Every structure is written in structure tokens, then in C-alpha cells.
Amino acid sequence: MGARISRLLGVPAGRGLSALRRQRGHLFPWVPVCFGLGIALYFALPFEPVPEALLFSALMGGGLFLLCLRMASDLSVLPLVCGLVLLGLAVAGGRAHLVAAPQLAGRYYGPIEGRVVQIDRARSDALRLTLDDLRLQGLPTGDQPRRVRIALHGDPDVQARVLQPAPGQRVMLTGHLLPPGGPVEPGGFDFRRHAWFHELGGVGYTRTPVLLLASPEHGQYLFRTRMALSRHVQAHLPGEIGAFAAALMTGDRSAMGQDTLEALRHSNLAHLLAISGLHMGLLAGFVFAALRIALLLPRRSRHHWPGKKIAAVGALLAAAAYMALSGGNVATQRAFIMVAVMLGAVLADLRALSLRAVALAALIVLTLRPEALLGPGFQMSFAATTALVRVFESAGSGRLMRLAPVVRPLVTLLLSSATASLATAPFSMAHFNILSRYGLLANLLAVPAMGLVAVPMAVLSALLLPLGLDGLALQGMALALRWILAVAERVSALQGAVVPVVAPAPAVLPLLVAGGLLVLLWQGRGRWMGAVPLLVGAFLWMETVRPVLLISETGRLVGLMTEEGRALSRSVGSGFVAESWLENDGQAGGQPAAAALWPVSESKLRRAATADQQIVHVIGAREAQKVTGCAGATILVSSAPMPRREGCMVFDPVGLQVTGAVALYEAPGGMRVEAAKGPSARLWQSPAVRRDQ
């Protein structure tokens, strides 16, 4: 049996731990895969495991891991896989309990006092503040959220005259807060879970100016330095170029306009804005190359000093400083870990670019932030890196070196861009519901400017900043950024540049991931088995059936699928829900155009019909009181509480608080109802959760 498994894996048969050690290059890339499978299992559970079960999972996983080291058989792989899955489940559950913090149980309106810990910009283009050390009037100390996020919807000019928000300020405002919302539809993005791991207990907005209570006194040094550098860059480079440069150097996007962000997204260049693997890799690569060349010039250091290792240490320090200065968010931490693993391999005289290095970086990230597995950043970053390493290993550096020096950089750029675009395309389409037709062309035109000009000039400006001589370097950086923005604007303006994509069914992305991993990581002939889940996933995506009817978790918006597309019951209000539904449908035009498709509107009573169903949407408590019986509907939706009725299905805030958003599908026996919430609440679904003191 062990020999058969070895032949299928494509590795020689062996005995016990020595065999595992000899084949660690083949087996180790599967370690984070199995560990990640356990994390995915935790998030997919319909119930919350009790802490005792998580502890048992950790002990059992560790025991199986130790057992596999003692087994004198190739079958020791089997307990290793089970042990890693159990450990992944335990780590994810432990992390969820570790970040537990109170969340608001309902709507809050009143004074809000807190300390500014983050400044960014909402999708509505409004400035947004994240506050901690909170004081909300009327809430006991144990129920105070750890953090809240508030969008400033007042007049920007008035706010600018009253206060310019800065890191570490203690501020006060009057605002509206709500608990983080759940998925806008069953199987959709769960913002409540996302907020749980970011320790956000409430989100909301204010239309009044933010008042200063106390200036920053201590702490938040890196944040304050980052924002000061951002203001310095924008002072030298005004407009969108300066905002882009500040985002690249410090991670501060608060000055970026929505038009610029949309152009970057539609041209598939938004990854140039986020401080991720590309930026960290370019920065570390530039510093490493510069130090390596500098140490090769003097004869003494060339012959007597370990120049490569010194350069690796310098690049690692530069990457660490960049991570700290840019805010150190999850994406930046992930990128730094990957770069640190690569440079650590150089220090250990190992291959810097290998599947083992990528696997180690993934394992570290998943151990520290298991929730990152569900995010597009982790998925796209490691998909691109794994595919690039595998493709260049298969192509062989020798083949590239045999090309003419003039052709070699072009072939390398084309091959790397095509590989990364192909590897990340499924995740981009699944999470963002768009496909950029000319994304490869835009990357071929823009990425060289980023790597050859923008990043080196950014490093040079940082070095010259203490001397006050960084202006010239910033101007050189601006030339590259102007080119990148010009490419983004031209490409995004092309006819048919963006193709809306229907959101896949929940099983599609796991099938595509499984197929891709088999093709990229499997060492034997069995790798081509990965084509089966890839084809099945692609087929299921093409055959995706969207719900006939969608109902928001507040009952304030209804979406009916018609022959012309999704018809919405309201042209304004519940904008985030409406936008998400239309994006998942792959439908362009926006909420007003979708509301125009709604068949009949009668004041606050909105009717629509399908072949078998009559739908009535009632908006407002007064209108709900006027409704008698089912109002001629088979499906009655109300934004206000409404008693149960005979002869129709009723969806109101009372029932929707239990089920969350609801989707209805056509079925042989009538309508099949799917709820966003399961029968058992997870940690992040429980209102007013308190951390044990």
C-alpha cells in the first residue's frame, strides 16, 4: 500500500521519518494546504465548537503529528494530514475566541468619544475614522465596543475649519452606530465576521463636525510618523499623483479619489496601490541589488566579505521598516513574511524561490491570522506566487538565459504577467465580480514603470528625506506614477474593458482551488487529476442559478429576478445591499436603473409578480398597519414588524433577525428558502457579546 502511494506521489518509497526527511521538498508544500483545510472547516461549520472541543482538537492534532514521526511506514502521511487539519481547526477557533470583544446589540445614536487609531476613506468617498478607547453614553463599561468605524458625511469644508483628524487625537462627535451587518445574501461576504476579527463592535456615520478633546500626547508614534510622511509627500506632489505616491510609500489612501480608484480597478492595476507582495518584493529586491553591487565594487569586500548575506540582511531591515511605516496591515504583514522567508533562505544558503519557501510563508501567515484564508488578498497573493515559482521552475532559468539579452526581459515580463493574471483571475472574478479584458496589457505597460522607476525613487527619497533633498527623487517618482495613471485611465476607458461576472456558487471556488493545487503541487502523474475539479468548477460557474427573490436582513429592500435583470423595490436606500446584489448578478447600471425594472409601485406598497408568485413589499410602520390579510400576495415583505398571516409567506424584521438575509429559488413544490444565518449562531453572530473578564 505504501509503495502504491509513493508511486502516485511520484517519490521513492521509504521508511518512517527518514523517508519524510528525504522527501520534505515534495511533502512540505502540502503542510499549509492541510492546515488551511482545517481552518476552512472551522469557518464552514454550521455551529460554534465549544472551547473543550477546540482543546481536544489541538491535543489530538499534536498527538497525530508526533505519531506520524514515529511510524515506520509511508502511511505516516495519513495521520500527518489528519493532525494538520485538526490543528488548523483549533488555531482558527482559538483566534476567534482571542479577539472576542463586545458588539452593539442594536442602533445607537448619541455622543461618541474615542481615540483616532486609523484614518481612511469609505466607498462613498467620505473620510472615515476608526476609534478605540470608547465612551458611548448609556452603555455599561462591559458593553462598550473595543473599536468603531465612523464615516464623516458632513460638509468637508466645515469639518476642515473645525478639526483636521490626526492619529492619537481624542475626539468627540454625535453619530449613528449599528452592529456590523451580516451577509447581504446566503453565501455572500460576511462583514460581521470580518468586523469580528478586526475587533469592530459598530459602524456608522456622523453629519456633525468632529471636535477635539485632547491632542496626541504619547503612543501611536508609527501611525503619526506615517501620516506626517503622507502629508509631506502630498505637499511636494499635489493632486492625485501625490495621493498615489503617499499610498505607495505609507499605505495612506485617504486622499485618493474614487475616480482614480475605479480606473485602477477596471484596468486590473489596483494591486499597484495596495502595499503587498509586489511592492515588498520590489523594495527588497532593489535594496538587495544595490547593496550587493556596492559590496562588489571595493576589492576587499568583494573577496573577503559575505556580500550576499550582508545584502540580504540590509534588504530584510528595509522591508521591516517599510512594513512598520506603512501601517502593518494584514496584506503588508503577509508580504513581509514572504520576503523574510526568501531572504532567510539566502542567509541559510538555500534556494530563495522555491515551493518550500512559499509554503513556509503561508503556514506562518495562517498561524498568525487564520481568518486571512477567506480574504482575496491571501488567496490572490499565494496563488500568484505559487504559480510563478512553479512555472519558472518548469521553464528553467537556463532556457531564459539562452535567450538574447534584449529579448530576455520582455519574455520574462510577459511570462510572469500572464502567469500571475491567469492564477489570480478566478479569485478576482469571484470576489469582485468583474473581469478586466485588457488587464494583461495594462500590467505589461505599468509594472515596469513601478519596478524600474517608482520604487527605486521612493527608496531614494526616503534616504534623502533627513537631508531635505528628497524633492528631486519625488519628482522622478511622479513621472512613473503619471504614466501608470495614464495607462489606467486609457485602458479603463476602452469599450468593453470591464465584463461583469456572476458570483459563483459556494462550491465553485473550492473546486478551482483543489484543482489548481493538484496541478501545481503534485509531483507524480496524478497531478493531471487536477483537471477534473477545474472543469467541474468551471462548468458549475457557467451554470450558476441566481435567486429568484432576495430579501435584505432589515426587510427594507427586495430584489426580484426578471427577464431584463434584477428589479429592486427601491431606487434609494440600502445602497450597499443593492450594489452587492447587482454585482453578484453580474448586472451593470446601478440601483436606479434596477429600480426602474420593478413592475408596479404604489406609494409605500410595491407589488411585483412572477409566473407563480405575487410579491408585495411594504415600507414603513404606518403602511404595515394598513395591510389587511396578505394584501393579495403569496410573499409579503415588510420593513416593520407584522403578525403572521395565513395563506402567504411573511418576512419582517422580527423573523429576519433570526434568519438574516433570505434568498428564494424556484423548486418543484413551490419556493425553496435559504437563510444567511444557520440554526446555530457563531461567535460573530451573537449580539452584545462580552469577553470574559
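The exercises below work through selected features of this predicted model.

Local features are reported at pLDDT of at least 70 and side-chain atom pairs only at pLDDT 80 or more, while totals for chains, interfaces and linings use all residues. Residues are numbered from 1 along each chain as its sequence is written, and side-chain values use heavy atoms, with hydrogens and water left out.

**Exercise 1.** Determine in which strand R128 lies and whether R128 is buried or exposed.

*Solution.* Begin with the secondary structure, where helices (H or I, at least four residues) and strands (E, at least two) are DSSP runs numbered from the N terminus; R128 falls in strand β2, residues 127-136. Next take the relative accessible area of R128, which is 19%; because buried means under 20%, exposed over 50% and partly exposed in between (1.4 Å probe, protein chains only), R128 counts as buried. Finally list the contacts (heavy atoms within 4.5 Å): leaving aside residues up to four places away in sequence, R128 touches Q118, I119, D120, R121, A122, R149, I150 and A151.

**Exercise 2.** Describe how strands β17 and β18 are joined.

*Solution.* Two strands pair if DSSP finds at least two bridges between them, and here 6 bridges join β17 (residues 662-667) to β18 (residues 670-675) in an antiparallel arrangement. For an individual bridge, look at E666, whose partner in β18 is M671.

**Exercise 3.** Characterise the aromatic pair of W30 and W522, and then that of F43 and W684.

*Solution.* Rings of Phe, Tyr and Trp (its six-membered ring) pair if their centres lie within 6.5 Å, with planes under 30 degrees apart counted as stacked, over 60 as edge-to-face and the rest as tilted. The structure holds 7 such pairs. In one of them, W30 and W522 stand 5.6 Å apart centre to centre with 80 degrees between the planes, an edge-to-face geometry. This pair links distant parts of the chain, since W30 belongs to helix α4 (residues 30-44) and W522 to the loop between α22 (508-521) and α23, 492 residues apart. W30 is buried at 18% relative accessibility, and W522 is buried at 15%.

Turning to F43 and W684, their rings form a tilted pair, 6.0 Å centre to centre and 35 degrees between the planes. F43 lies in helix α4 and W684 in the segment after β18, so the pair ties together parts 641 residues apart in sequence. F43 is buried at 10% relative accessible area, as is W684 at 2%.
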